[in-house]
Amino acid sequence: MPRGNRDTPEVSSGSMADIAFLLLIFFLVTTTIANDKGIAMLLPPPPDPNQEDIEIKLQERNIFKILANSQDKMLVENEPYTGSMEDLKEDVKKFILNFGNPSADGIEVYNSLPPSLKTYVNQNGKRPESSDDPTSGNAVVSFKAARGTTYELYIQILDAVNAAYNEVYAERVGITADEWLTLDKDDDIQKDMYKRSRQGIPRAISIAEPD
Amino acid sequence: MSKFKKTSKSSNDIPTAALPDIIFMLLFFFMVTTVLRETDIMVKQKLPKATQLTKIERKSLVSYIYMGEPKNTSLYGDEPKIQVNDVFVVKEDIVQFVNQEKDKLSEVERDQITMSMKVDEAVKMGIVSDVQQELRKANARKLLYSSLKGLQED
């Protein structure tokens with residue numbers, strides 16, 4: 001059949017790159033790389049109406065009080081506070097690792113600390129007017145913000161307090177705070193590390209409701 | 001001599017035949033990473049900066065609450081408002097919203113719902129803590145204060 005069937009028809013693919021470019025540009029423009037990071041927190045359970053308020057008495061020295069008012073001024077341990085957030089972090093860290101009057105559990109926690117943290121405790125801690133030991137209920141950071149406090153300051157303070165805890169946890173297992181935050185809890189070894197770092201030192205941050 | 005001359009006669013053109021493939025690879029990367037935004041945020045969102053950030057482990061468990069001054073102040077005023085999905089709500093509606101979001105999840109996952117609070121840094125704490133009280137009532141206690149990675153200030 002002399003009909004020229006021999007030359008097979010071809011779709012020209014020269015403009016394929018251009019089409020791909022167009023699509024690429026479209027997706028480049030619409031992409032928002034998801035940024036889902038933040039400070040995690042667990043709210044206390046809802047108040048039970050049938051239950052009367054249980055008053056838990058803590059020693060004054062075992063509470064680290066942070067207050068922020070509507071002018072964004074801070075009161076830390078009943079003193080007006082002018083230092084930076086970095087200083088606040090250090091103060092909280094000193095408060096957690098004070099071991100002023102440790103209980104049996106507290107001594108156990110102290111013995112489990114690495115040498116670097118033990119030195120830290122011996123240099124900065126053991127003050128009788130600060131927390132007894134970092135175990136449950138013996139070192140609580142209480143933070144209260146007024147209704148007029150800006151969210152920015154609230155986050156900064158919360159960040160500083162969390163940073164103090166994370167640094168203690170991280171140093172306990174010999175890694176940096178950034179590495180500690182990225183521990184993968186699906187991995188057995190890393191989960192064990194995470195558990196070990198938090199053993200006996202609960203993250204006791206109490207956020208009071210504003211008046 | 002003629003042997004050496006031959007080898008020096010190489011062309012300087014870069015082959016462009018693989019260009020479409022490279023572009024396609026880039027295209028697929030962006031197609032996969034793209035999340036088309038389903039909600040239109042109607043409040044100002046200048047998230048605060050923090051350093052101690054944790055990642056959300058499972059995105060399907062997350063619901064978002066936006067708070068901030070409305071972008072369209074002539075229509076909605078300049079008081080900070082709460083936005084969920086595509087609408088402004090008052091704080092009393094939060095419980096209902098949480099229950100709706102919980103219904104989307106399977107039975108076992110309901111308690112693990114995480115609320116991501118995207119709050120503008122200029123918002124006052126009053127409204128934020130009101131929302132938190134409502135979340136406590138709705139039993140959605142896992143919270144994430146969405147913030148950006150910031151440098152440690154000195």
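In which sense, left-handed or right-handed, is the crossing of α1(A) and α2(B)? In this predicted model, the crossing of these two helices, one from each chain, is left-handed. Helix α2 of chain B comprises residues 19-33, and its axis lies 9 Å from that of α1(A), at an angle of about 25 degrees. Because angles under 35 degrees count as roughly parallel, α1(A) and α2(B) are roughly parallel to each other. On the side of α1(A), the contact is formed by M16(A), A17(A), A20(A), F21(A), L23(A), L24(A), F27(A) and L28(A). Helix α2(B) contributes L19(B), P20(B), I23(B), F24(B), L26(B), L27(B), F30(B) and M31(B). The contact of α1(A) with α2(B) has 16 nonpolar residues, with no polar and no charged ones.

Across the whole of the contact between chains, 44 residues of chain A touch 48 residues of chain B. Four elements of chain A, namely α1 (16-30), β1 (37-42), α2 (85-96) and α5 (151-172), each provide at least two residues of the side that touches chain B. Of the elements, α1(A) gives the most, with nine residues. Sorted by class, the side of chain A that touches chain B has 27 nonpolar, 10 polar and seven charged residues.

Strand pairing also links the two chains. In one of the bridges, G38(A) has S146(B) of β7(B) as its partner.

Within chain A, two helices that supply residues to the side touching chain B, α2(A) and α5(A), pack against each other with their axes 8 Å apart and at an angle of about 45 degrees. This angle makes α2(A) oblique to α5(A). The crossing of α2(A) past α5(A) is right-handed. From α2(A), the residues that make the contact are M85(A), L88(A), K89(A), V92(A), K93(A) and I96(A). Those from α5(A) are Q156(A), A160(A), V161(A), A163(A), A164(A), Y165(A), E167(A) and V168(A). By class, the contact of α2(A) with α5(A) has 10 nonpolar residues, one polar residue and three charged residues.

Definitions and conventions. Residues numbered from 1 in each chain as written. Chains lettered and ligands numbered in written order. Predicted model: local features only at pLDDT ≥ 70, side-chain atom pairs only at ≥ 80, totals over all residues. Contact = placed C-beta atoms within 7 Å. Nonpolar A, V, L, I, M, F, W, Y, C, P; charged D, E, K, R; others polar. Pairing = 2+ DSSP bridges. Axes fitted to C-alpha atoms, helices over the stretch in contact; angles between N-to-C directions. Parallel < 35°, antiparallel > 145°, perpendicular 65-115°, else oblique. Left-handed = near helix turned anticlockwise from the far one by under 90°.
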